[in-house]
Amino acid sequence: MLSDRGASRFAKTVGFPEVPMESLITERSRKRWQQNLQAASSPVDSQIDHGTIGAVALDCFGNVACATSTGGLTNTLIGRIGDTPCIGSGSYADNLSGAVSATGKGEAIMKITLARLIVFYLEQG
């Protein structure tokens, strides 16, 4: 998994077009960031309309799958990687046991690989 400069170098190497950083910031995100700079602001409040969407599916052959899409956190460190892309943390699927898509605070979820732990408990019955 790559982030920040390593991800940028890799993308250039394989031919992804570079776009101006400014084009990646929506007006809504810019306003939310500016509001969070105010002394009386509550960054938690700006997270209310964001969220993680999780899905678990079972196909007609009995295969399970899971997917997680995060709304992200505001004002985090550059290059931060949350639980969503980490298999076993934000999501996990095993045809023999089940599938999970987790939501919540990524750092806490990753400490215990929550999704895999839940499937482990399913395996135990």
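Tutor: A salt bridge is a side-chain nitrogen of Lys or Arg within 4 Å of a carboxyl oxygen of Asp or Glu. This is a predicted model, in which local features need pLDDT of at least 70 and side-chain atom pairs pLDDT 80 or more, while totals for chains, interfaces and linings use all residues. Residues are numbered from 1 along each chain as its sequence is written, and side-chain values use heavy atoms, without hydrogens and water.

Student: Which residues form the nonpolar patch on the surface?
Tutor: Leu2, Phe10, Val14 and Phe16 form the patch, with about 420 Å² of accessible area together (Shrake-Rupley method, 1.4 Å probe, only the protein chains shown counting as cover for residues).

Student: Where does Val14 lie?
Tutor: Val14 is in the loop between helix H1 (4–13) and helix H2 (27–36); helices are DSSP runs of H or I with at least four residues, strands are E runs of at least two, and both are numbered from the N terminus. Val14 counts as partly exposed because its relative accessibility is 44%, where buried means under 20%, exposed over 50% and partly exposed in between (1.4 Å probe, protein chains only).

Student: And the chain overall: in what order do its elements run?
Tutor: From the N terminus on, the order is α-α-β-β-β-β-α-α. Of the 125 residues, 19% count as buried.

Student: Now salt bridges. How many are there by this rule?
Tutor: The count comes to four. Glu22, Glu27 and Arg30 are linked in a network: the side chains of Glu22 and Arg30 meet at 2.7 Å, N to O, and the closest N and O atoms of Arg30 and Glu27 are 3.6 Å apart.

Student: How are Arg30 and Glu27 placed in the helix?
Tutor: Both lie in helix H2, three residues apart, about one turn of the helix. Arg30 is partly exposed because its relative accessibility is 23%.

Student: What about backbone angles: which phi value does Asp4 have?
Tutor: Phi of Asp4 is near 55 degrees, a positive value in a residue other than glycine. Asp4 lies in helix H1. Thr113, also not a glycine, has a positive phi of about 40 degrees and is found in the loop between helix H3 (106–111) and helix H4 (114–124).

How values were computed:
Patches are made of residues with over 30% relative accessible area and no salt bridge: like charges are joined within 9 Å, nonpolar side chains (Val, Leu, Ile, Met, Phe, Trp, Tyr) within 5 Å.
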